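Open the model in a viewer and keep the selection panel at hand.

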Amino acid sequence: MINDLELFNELVEYLISEEKNNPVATVISTDALYDKIDLELKNEPAIDTDFKNALKSIIKSTPKTASTSFYNQLFGGRIDRAVLGDLLAVMLNNSMYTYKVAGPQVGIEKIILKRVCDMIGYPKIADGTFAPGGSMSNYMAVLMARDRYNPKVRDEGVSHKMTLYTSEASHYSIAKNASFVGVGRDQVRAIKTNDKGEMLAKDLENQITKDLELGCQPFFVNATAGTTVLGAFDNVEQISKVCKKHKIWLHLDGAYCGSVIFSNQYKHLVNGIEHTDSFSINAHKMLGTPLSCSILVAKDKKHLYQSFSNDAEYLYQTDDDAFNLGKTSLQCGRRNDALKLWTLWKSVGTNGLEKIVDHMFDLAEIARDYIKNHPDYTLYSFDDSISVCFNYKTIPANVLCTALYQHSKLMVGFGNFRDQKFVRMVTVNTLLQIEDIINFFDTIEKFVATADL
Ligand SMILES: *Cc1c(COP(=O)(O)O)cnc(C)c1O
């Protein structure tokens, strides 16, 4: 047998060289996948060389999200200190439900949550948890809001029309979650946005009033810090006034850009955040940790207990509830997602996290400037966003993005706002430099000059 740690090192070195030399892997079509790579599971064990070769060919063909050619989604890059923490979490293999089983790892999770609560001006009774992603953080927020509105729902189920509100530019998880919590997708009201994709507080107020007149029960408003396509920030201050007036739970979905709380220059984008009832951040997006690292905090921790704790004698046998994190989480067994953020935060400091965030805005600025200075491009996005949306010449965005991918040039996606379709480049990989951004546009221009689109 090859020593696994030696093999691991060899494979990682191979990955890193592939990332440099073939940053966009040759695409294998789905119908050829099982022929091209040895994925077969057999009764007999694989011999060492076959095992290693299979892993190498899998690595070769897997999209390289840490490469300088990856702009496709809202994550990317690889920050070593965060990776170190995640590798350790795998080796330690704790489950976060009790202090008995996770020990100081519980303290690691709690201190991160405490710092985030303090930073956003939540009171001492605030607390939070790590969820398996931003969609699940939003799900937990809707559940807490539902149970605060009517605690009986937990036992009796939903028997009345409960309505929730989110902007038309918000993440699709809100509609899915409306179905999961039993109120139904039809009860989601899509609130209009202004031209920048920010929710209109006036339209929110009108919708709520209309629903109240119809006898519905408005119970949840979702605002977004960094909408998925344009990267827009809803006006939390204005929206919170509407929520306060009608006593509705306000959640701020900061999965994409909630990490602006770490930046003195950009935290004004979430002004009013202290008026929310819950808030979520994906550290695997703007803070650059490996997937997934999603934080949910609630202004009053009693709502976490009210919605997520179940007594279980076989599990909770020692220590007080505050250190038995299973009482406030969606799952039972739960992966340690906190350590990777802690190793990063500990090593670079809060000031280092600020630099990570600020650099992304700097890169976006450079990209927008480039577009503004080159007449072949049309810009669709606004300042203070790390999503840079544009079109090149008259090439349809989907055609351009797919061709770039199939010719192994760049990984970048497209999106739309209202009736406009465009390329959406995200500068969420903080390890990128100015020349990488310029190179991105250069690659497109050279490719289009020779390709037949
Ligand atoms: C990415 C994103 C989510 C979902 O987060 P996952 O971790 O992918 O589940 C939710 N809301 C917004 C605004 C996002 O950008």
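**Stop 1: H6 and H13**

Select helix H6 (residues 104–119) together with H13 in this predicted model. The two pack at an angle of about 60 degrees, with their axes 9 Å apart. To see the contact, show side chains for Gln 105, Ile 108, Glu 109, Ile 111, Ile 112, Arg 115 and Met 119 on H6. Coloured by class, the contact of H6 with H13 shows 9 nonpolar, 2 polar and 2 charged residues.

Stay on H13 and pick Ala 338, which is in this helix. Is Ala 338 buried or exposed? Its relative accessibility is 0%, so Ala 338 counts as buried. Leaving out residues up to four places away in sequence, Ala 338 touches Ile 108, Glu 109, Ile 112 and Phe 130. For a distance check, select Lys 302, which is 36 residues from Ala 338 along the chain. The C-alpha atoms of these two residues are separated by 22 Å.

**Stop 2: the nonpolar cores**

Next, select Met 425 and Phe 441. Within the largest nonpolar core, which has 87 residues, these two touch the most other members. Helix H13 (residues 338–373) gives the most to this core, with 15 residues. Apart from it lies another core, of 22 residues; among them are Ala 141, Ile 174, Ala 178 and Val 181.

As background, nonpolar side chains tend to be buried together in soluble globular proteins.

**Stop 3**

Select helix H14 (residues 397–406) and helix H15 (residues 434–450). Their axes are 11 Å apart and the packing angle is about 95 degrees. H14 and H15 are therefore roughly perpendicular to each other. Which residues meet here, in H14 and in H15? Leu 400, Ala 403 and Leu 404 come from H14, and Ile 444, Phe 447 and Val 448 from H15. By class, the contact of H14 with H15 has 6 nonpolar residues, no polar and no charged.

Now move to Leu 453, in the segment after H15. Leu 453 has a relative accessible area of 45% and so is partly exposed. Not counting residues up to four places away in sequence, Leu 453 touches Ile 395, Val 399, Leu 400, Ala 403, Phe 447 and Val 448. Draw a distance from Leu 453 to Leu 400: they are 53 residues apart along the chain, and their C-alpha atoms are separated by 7.6 Å.

**Stop 4: H10 and H11**

Select helix H10 (residues 201–213) and helix H11 (residues 236–246). The axes come within 9 Å and cross at roughly 20 degrees. H10 and H11 are therefore roughly parallel to each other. This crossing is right-handed. The H10 side of the contact is made by Ala 201, Leu 204, Glu 205, Ile 208 and Leu 212. Gln 238, Ile 239, Val 242, Lys 245 and His 246 make the H11 side. The contact of H10 with H11 divides into 6 nonpolar, 2 polar and 2 charged residues.

**Stop 5: backbone details**

Where is Ser 292? Ser 292 is in the loop between strand S7 (278–282) and strand S8 (294–298). The peptide bond from Leu 291 to Ser 292 is cis, with omega near -20 degrees.

Then go to Asn 93, in the loop between helix H4 (80–92) and helix H5 (99–102). Phi of Asn 93 is near 50 degrees, a positive value in a residue other than glycine. With 64% relative accessibility, Asn 93 counts as exposed.

Finish at Asp 384, which lies in the loop between strand S9 (377–379) and strand S10 (387–392). Asp 384 is not a glycine, but has a positive phi of about 60 degrees. At 30% relative accessibility, Asp 384 counts as partly exposed.

Terms used:
Residues numbered from 1 in each chain as written. Predicted model: local features only at pLDDT ≥ 70, side-chain atom pairs only at ≥ 80, totals over all residues. Heavy atoms only, no water. Core = buried A, V, L, I, M, F, W, Y, C linked by side-chain atoms within 4.5 Å. Buried < 20%, exposed > 50% of the residue type's maximum accessible area, 1.4 Å probe, protein only. Helix = DSSP H or I, 4+ residues; strand = E, 2+ residues; numbered from the N terminus. Axes fitted to C-alpha atoms, helices over the stretch in contact; angles between N-to-C directions. Contact = heavy atoms within 4.5 Å. Nonpolar A, V, L, I, M, F, W, Y, C, P; charged D, E, K, R; others polar. Parallel < 35°, antiparallel > 145°, perpendicular 65-115°, else oblique. Left-handed = near helix turned anticlockwise from the far one by under 90°.
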